[in-house]
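Open the structure in your viewer and keep the selection tool at hand. The stops below say what to select next and what is there.

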Amino acid sequence: MELTAAGRPAFSNKTVQNSVQDLYGIEGDLEPLPAEWDQNFKLNGGDAGTFVVKIANRGCSKEVLEFQNSAMNRLSERWKSGKSPRVVTSLSGNSISTITNSAGVIFNIRVLTYLPGQPLAGVQTLCEQTQYRLGYSLGELDQHLFDFQHPAMNRDLPWDLRQADWITSHTRRIADVRRRGIVERIILQHRARVVTMLPKLSMSVIHNDANDENLLLKADPEGGWNVAGLLDFGDMLRTNTVNELAIACAYAIFRVENPLGVIARIAKGYHHARPLTESEIQVLFPLICMRLCVSVTNSAIAAKDDPDNEHRQISDQPAWEMLEHLESVDWRDAENHILAVCGLDPRPEANFGNRQWTYDELLDERRRRIGPSLSLSYKTPLQIVRGQGQFLFEPNERAYLDCVNNICHVGHSHPKVVAVMSKQAATLNTNTRYLHPYRIEYAERLTATFPEELNVCYFVNSGSEANELAVRLARAHTGRYDVIVLEGAYHGNTQTLVDLSPYKCEGPGGRGLPGWAHKVVKPDTYRGPYRGLGKDVGWAYAEHVGEVCERLVTEKRPPALFLCEPILGCGGQTVLPKGYLQKAFNYVRSIGGLCIVDEVQVGMGRVGSHMWAFETQGVIPDIVTLGKPLGNGYPLGA
Ligand SMILES: Cc1ncc(COP(=O)(O)O)c(C=O)c1O
């Protein structure tokens with residue numbers, strides 16, 4: 001069931017008043033209260049007390065209402081200071097009753113005790129002690145609910161921070177591009193820092209909506225504020241416990257000047273009532289930012305889909321203001337600040353030997369010691385100190401999605417890779433001139449992924465070595481020297497490969513192709529000379545291979561080999577047109593040359609549909625070369 005605008009009840013005061021009198025025996029005036037999906041009233045019952053009448057959205061199941069009631073009952077027993085509403089039973093002893101509208105539609109209705117107090121949203125400034133108390137109360141709440149279970153506690157709710165990634169597909173609803181960028185950057189940081197930590201975070205039932213409207217305060221005699229209570233258990237669910245704190249912080253920092261100070265004091269209070277783990281503190285700041293993103297994304301959606309629901313826009317402006325403000329906060333400083341106020345040690349700086357390097361020292365010394373011609377990526381080069389999964393991290397823990405470091409096929413620091421590598425490093429490391437089952441078993445497993453004809457492996461240390469060896473094998477086998485390559489191709493960094501790679505030898509500082517290397521036009525269906533030729537385009541480009549073969553035979557220097565990638569990597573990520581390799585291979589083989597396919601960059605399943613990209617062309621090469629992802633970035637080629 002889903003909460004919808006259509007399922008929202010719309011009873012008149014009079015109808016509700018009569019029903020409450022019949023069902024609960026309580027008489028009194030009703031005042032409507034704001035609600036996102038339900039219909040709520042304050043009931044002034046005179047001597048009987050003050051109550052809240054809650055008529056639930058049709059999309060909310062009775063089981064979920066029972067879940068909320070049962071949690072409130074537990075809290076009334078354990079949270080002695082009476083900070084949560086109590087469930088009132090009807091004259092017939094039910095905690096959930098029904099009310100029917102004029103169209104005969106039945107809604108669930110409940111009556112709860114009314115908690116007096118001033119919503120946090122209406123309090124101008126919170127003193128430090130109040131911030132601490134707020135956190136402490138939430139810690140108590142979560143402690144009381146920690147072992148609470150109910151059949152309806154596992155819910156799919158857009159407000160569950162554990163499932164917050166749903167906003168990714170809705171960011172386009174945020175019209176302001178700059179603001180959308182803020183949200184997208186936070187989503188990335190959230191994925192990198194929180195999603196990867198989820199298995200380490202404890203889970204329990206939480207209130208899940210300690211926002212500035214739901215948190216009530218009462219003035220204390222010393223001029224500060226005490227926490228009076230917490231309203232609205234409608235979003236309760238089982239999730240990561242720390243989300244409770246993150247949500248409360250996200251709202252408590254609205255319009256404050258020093259959000260980090262406020263967060264730290266709330267966290268400290270929480271920590272004293274329910275100790276936070278280091279992992280929970282590590283994710284707290286990213287979770288707060290993510291909650292603000294969920295809020296603004298939800299407002300952007302509601303602005304279009306549910307424009308009359310003011311409640312869904314209520315946090316939009318302060319949430320944006322805070323997101324813009326938090327852009328300048330260093331996430332690692334935030335984490336260390338919270339760790340410090342909780343009495344925990346800051347996360348140690350990445351340590352590289354005895355010396356602390358500044359960014360400028362790194363840059364200068366690299367140029368001096370490693371040589372300026374070893375290029376660095378980006379105008380302002382990144383200092384990356386760790387990788388996890390698909391993310392790379394700077395020293396301040398800012399995460400980057402790794403789309404260009406094309407080697408970590410199963411992600412950075414994959415625990416299985418780390419475990420087997422550590423085990424092997426502690427066992428044996430030799431050259432290849434000894435017998436060992438692993439090498440043979442690996443060759444067996446690798447060749448099993450190829451067509452039957454490709455059944456022998458030579459293992460080397462890089463893609464360049466693999467191509468170098470393939471060229472040598474082909475030359476030795478044919479007794480010839482010349483090679484045919486594609487325009488724009490790159491095959492490696494040895495002298496032979498630089499010479500035969502147009503990407504290198506025709507690039508800056510290159511000397512052009514030597515006499516033994518022959519280039520054919522790149523089969524680019526998008527830009528090349530035969531674009532728009534439809535299904536025959538592959539055949540048309542392959543004709544160039546045929547022409548070169550013919551010329552080389554005439555010149556009495558037939559080629560030893562034709563070397564190409566099945567999708568050009570450095571050559572512009574160019575996908576070969578259908579039939580290209582088939583026809584090119586036919587020409588080369590018809591004059592006794594070998595066909596070598598370089599899968600260093602595009603192999604190992606990267607094309608999605610096949611394990612090896614040459615399979616998309618329906619050919620079987622004579623030699624295939626592998627590298628980079630084969631060892632997940634560690635030196636291994638074949
Ligand atoms: C297609 C292709 N072949 C070969 C190589 C060389 O591999 P390595 O850098 O491992 O020597 C590369 C490197 O980028 C490549 O992209």
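Select Asp598 and the ligand: a polar side-chain atom of Asp598 lies 2.7 Å from a nitrogen atom of the ligand. This is a predicted model, in which local features need pLDDT of at least 70 and side-chain atom pairs count only at pLDDT 80 or more, while totals for chains, interfaces and linings use all residues. Residues are numbered from 1 along each chain as its sequence is written, and side-chain values use heavy atoms, with hydrogens and water left out.

At Gly463 a polar backbone atom lies 3.0 Å from an oxygen atom of the ligand. A polar contact here is a pair of N or O atoms within 3.5 Å; within protein, one must be able to donate a hydrogen and the other to accept it, and residues adjacent in sequence count only if both atoms are side-chain atoms. Taken alone, the ligand exposes 390 Å², and the protein buries 88% of that (Shrake-Rupley method, 1.4 Å probe).

Now colour the domains: domain 1 (13–113), domain 2 (118–341) and domain 3 (427–631). Their bounds come from an automatic or database assignment. The C-alpha centres of domain 2 and domain 3 lie 54 Å apart.

Select Leu134, Leu284 and Phe285, which touch the most other members of the 85-residue largest nonpolar core. Such a core is a set of buried Ala, Val, Leu, Ile, Met, Phe, Trp, Tyr and Cys residues joined through side-chain atoms within 4.5 Å. Helix α7 (residues 278–305) supplies the largest share of this core, 13 residues. The core lies between domain 1 and domain 2 because both give residues to it.

Last, go to two loops. Asp38 sits between β1 (29–33) and β2 (39–44) and is partly exposed at 24% relative accessibility. Asn351, between α9 (331–341) and α10 (359–369), is exposed at 57%. Buried means under 20% relative accessible area, exposed over 50%, and partly exposed in between (1.4 Å probe, protein chains only).

Note on methods:
Helix = DSSP H or I, 4+ residues; strand = E, 2+ residues; numbered from the N terminus.
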